[in-house]
Amino acid sequence: MNLPYGYLTTLVLLAICTLFALAAPGRPRPMAMLSFRLGVALNELPFVAIAWLLAATVLALVQGDLASPVPVVAAAVTMTGLGLIARRGRQALPAVQRAMGPMPVSRRLPYGRILLSPFLRRRRAVERIPDLPYGPAGRRNLLDLYRHRSRPTGAPVLIHLHGGGYTAGRKNSQSLPLLYRLADQGWVCVSANYRLRPQATFHDHLVDAKRVIAWVRRHGPAYGADPDRIVLAGSSAGAHLSAMAAFTPNDPAFQPGFEDVDTSVAAVIGLGGYYGPYYGMGPQTSPLAHVRPDAPPFFVAHGDHDTVAPVEGARLFAERLRELSTQPVVYAELPGGQHAFDLFHSLRFDAVVNAIDAFTARVLSSASPADESAPDREVG
């Protein structure tokens with residue numbers, strides 16, 4: 001009997017990734033990183049895995065390769081696990097709705113993109129202007145700009161800083177569904193590189209983040225941006241950097257040569273962020289140490305199965321914000337969410353994008369902070 005090695009390889013691979021995606025967090029660091037790497041894509045794209053496994057199983061059955069029931073049972077168990085992963089993804093929309101309180105969040109999700117083209121982030125109505133220099137550090141000081149092809153003026157701005165533990169990562173790789181969605185709605189969106197360790201220091205990272213804001217202040221209007229409506233966003237380490245930049249507006253220590261530029265922002269978005277100290281340095285390198293009453297509005301989203309930046313850190317950060325800040329604070333905890341949930345169109349991330357859409361509309365509106373602080377500080 002010829003064993004269906006191709007089918008068995010597919011089945012084993014999907015079964016292992018499904019197991020890691022379903023497993024609870026809290027394991028030792030090496031296993032936590034392995035869990036992230038093996039489970040992140042499948043955790044957001046279970047429908048792709050279901051279709052792949054179903055097609056492979058049907059083909060093997062038609063060809064008569066499954067004489068034993070064992071692979072069929074294993075496939076059924078794996079399919080059940082994938083179904084549980086998909087169910088967790090569906091729970092993201094109710095979770096963000098609870099976190100937003102009375103603020104209305106759209107219940108519409110782009111199911112066509114989620115099911116058929118989760119990797120396709122681009123939109124024909126949006127143009128991307130790549131590799132604009134904003135500082136002297138070569139390719140690490142380049143940014144991409146996204147805007148509607150109609151070239152609107154007076155548009156709000158989203159600046160996104162990528163993750164990667166300050167050691168890796170690049171622009172045009174993370175949160176693209178968010179960038180293209182907002183640009184399609186008339187925003188100007190920016191995705192920027194910044195200098196990385198070990199060549200760069202914490203000070204260098206923060207200077208670069210400030211340089212991006214300064215670039216938008218100076219050059220954004222030429223691309224249709226309103227420099228007085230800047231929202232700063234980041235993923236993972238980018239969330240840490242965004243928070244630190246927002247908590248240190250106009251600090252000359254982090255603005256060498258552009259001390260006179262206003263680097264304050266209207267709001268901050270943290271996606272799967274790390275909020276502790278920077279690589280063994282003191283507490284002053286943690287956003288927790290800089291929370292104060294005049295902090296800008298914050299939207300924080302975090303997966304409760306994050307094995308890279310455990311959810312406890314995000315909970316503590318949100319609690320500290322709610323204790324001290326007078327501005328709106330929204331904390332959305334995503335059931336089953338792993339680190340880097342913002343890479344694809346998925347049930348989870350598109351629900352978060354809907355919430356961000358509602359949050360930014362609220363904080364950028366003319367409503368007074370006193371009117372909006374109370375309901376927005378509710379936590380789901």
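**Cavities, pockets and a helix**

Analyst: The lining of the second largest cavity divides into three nonpolar residues, six polar and one charged. The model is a predicted one.

User: How much space lies in the second largest cavity, and which residues are closest to its centre?

Analyst: The helices α1 and α2 each supply at least two residues of the lining of this second largest cavity. The space in the second largest cavity is about 30 Å³. Of the 10 residues that line the second largest cavity, the closest to its centre are Phe-20, Ala-21, Ala-23, His-305 and Gln-338.

User: Which helix gives the most to the lining of the largest cavity?

Analyst: The largest cavity holds about 60 Å³ of space, and its lining includes Ile-85, Ala-86 and Gly-89. At least two lining residues come from each of α2, α3 (46-62), α4 (69-90) and α11 (347-363). With three residues, the helix that gives the most to the lining of the largest cavity is α4.

User: How does the lining of the largest cavity divide by class?

Analyst: Among the residues that line the largest cavity are Glu-44 and Arg-348, which count as charged. Asn-43 and Ser-346 are also in the lining, and these count as polar. By class, the lining of the largest cavity has six nonpolar, three polar and two charged residues.

User: What is the volume of the largest pocket, and which helix gives the most to its lining?

Analyst: The largest pocket is lined by 28 residues, and Gly-164, Gly-165, Ser-236, Val-308 and His-339 lie nearest its centre. By class, that lining has 15 nonpolar, 10 polar and three charged residues. The volume of the largest pocket is about 580 Å³, and the helix that gives the most to its lining, with four residues, is α2 (residues 29-44).

User: How many polar and charged residues are in the lining of the second largest pocket?

Analyst: About 170 Å³ of space lies in the second largest pocket. Its lining includes Leu-13, Cys-17, Val-48, Trp-52, Phe-119 and Phe-344, and at least two lining residues come from each of α1 (5-22), α2 and α3. The lining has 12 nonpolar residues, with no polar and no charged residues.

User: Why does the end-to-end distance of helix α10 agree with its number of residues?

Analyst: Helix α10 (residues 311-324) has 14 residues. At 1.5 Å a residue, α10 should therefore span 20 Å. The C-alpha atoms at the ends of α10 agree with this, as their separation is 20 Å.

User: Which residues of α10 are buried, and what do they pack against?

Analyst: The buried residues in α10 are Val-311, Ala-314, Phe-317, Ala-318 and Leu-321. Seen down the axis of α10, they fall within an arc of 125°, so they line one face of the helix. An α-helix has 3.6 residues a turn, so residues three or four places apart point the same way. The elements that the buried residues of α10 pack against are α9 (237-247), β7 (298-303) and β8 (329-334).

User: Is Tyr-331 buried or exposed?

Analyst: Tyr-331 has its place in strand β8. The cut-off for a buried residue is under 20% relative accessible area. At 3% relative accessibility, Tyr-331 therefore counts as buried.

User: What distance separates the C-alpha atoms of Tyr-331 and Arg-217?

Analyst: Along the chain, Tyr-331 and Arg-217 are 114 residues apart. In the predicted model, the separation of their C-alpha atoms is 29 Å.

Definitions and conventions
Residues are numbered from 1 along each chain as its sequence is written. This is a predicted model: local features need pLDDT of at least 70, side-chain atom pairs count only at pLDDT 80 or more; totals for chains, interfaces and linings use all residues. Side-chain values use heavy atoms; hydrogens and water are left out. On a 1 Å grid over the protein atoms alone, a cavity is a set of points where a 1.4 Å probe fits but cannot get out, and a pocket is an open set with protein on both sides within 12 Å along at least five of seven lines; lining residues have an atom within 4 Å of a point. Grid points are joined across faces, edges and corners, and a volume is the space filled by probe spheres set on the points. The expected span of a helix is 1.5 Å times one less than its number of residues. Buried means under 20% relative accessible area, exposed over 50%, partly exposed in between (1.4 Å probe, protein chains only). The arc is that of the directions from the helix axis to the C-beta atoms. Contact means heavy atoms within 4.5 Å.
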